[in-house]
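Colleague: I'm new to this one. Could you show me how to read its packing?

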Amino acid sequence: MLTEGVIYVYGRDKCYRPMYITNVEKFQAMKKQPSDHEVCVALILMFEYMKRNMNVPGKIENTLFVLDTYNISYFKTSSLLKSLLNVLQQQYKCTTRSILIVNSPKAVTMLYNAVYYLMDEYTAKKIQITSEPCNENMDLMISKNQREEKLGGHLPNKDSDFWPPSCPSENFEPVN
């Protein structure tokens, strides 16, 4: 999953927090779907790597999640979504600044509205859903020179070299 671009880091937000991208379409395209356990292990490996290599204790301790649900099939990706939310709620509850769900079909919004009250309140408040590739909240949090074109930014879409994580630019200044 980490080398195939299902979950990768590409850029930072305006507060220097690493930005995780979860590409649901690539997850669906995997020939062998990983088990829930394998998804959890990959997520924890990514989080721990980032904590040791891209965070700064006392200064940069949070992360930002962008969940790209373009061309989603909920039935094929329910294990990914469930594992992601479980890991975030149980192991990394206070480290996630926001979860931005982009390119969301109506089914994801309806599903979220159905499970909202079952989720941990702290995590539920962090989730923002939009049917577009980006929105005003994303523009406020993440400079366009730190986002891929598919997310309304100026960076080329990342198609390879997903692991180990890298930062495409040291320029975090706002761009109009």
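Modeller: Phe47 touches Tyr20, Thr63, Phe65, Val87, Leu88 and Tyr92, leaving out residues up to four places away in sequence; contact means heavy atoms within 4.5 Å. This is a predicted model, where local features need pLDDT of at least 70 and side-chain atom pairs pLDDT 80 or more, while totals for chains, interfaces and linings use all residues. Residues are numbered from 1 along each chain as its sequence is written, and side-chain values use heavy atoms, without hydrogens and water.

Colleague: How many residues does the largest nonpolar core have?

Modeller: In soluble globular proteins, nonpolar side chains tend to be buried together. A nonpolar core joins buried Ala, Val, Leu, Ile, Met, Phe, Trp, Tyr and Cys residues through side-chain atoms within 4.5 Å, and buried means under 20% relative accessible area (1.4 Å probe, protein chains only). Here the largest core has 30 residues, with Phe47 and Phe65 among those with the most contacts inside it.

Colleague: And how do I read a ring pair?

Modeller: Aromatic rings are described by the distance of the centres and the angle of the planes. Rings of Phe, Tyr and Trp (its six-membered ring) pair if their centres lie within 6.5 Å; planes under 30 degrees apart are stacked, over 60 edge-to-face, the rest tilted. This structure holds five aromatic pairs.

Colleague: Why is the pair of Tyr8 and Phe162 tilted?

Modeller: Their planes are at 55°, with centres 5.0 Å apart, so the pair is tilted. Tyr8 is buried at 0% relative accessible area, and Phe162 is buried at 4%. By contrast, Tyr20 and Phe65 have planes at 5° and centres 4.9 Å apart, so they are stacked.

Note on methods. Buried < 20%, exposed > 50% of the residue type's maximum accessible area, 1.4 Å probe, protein only.
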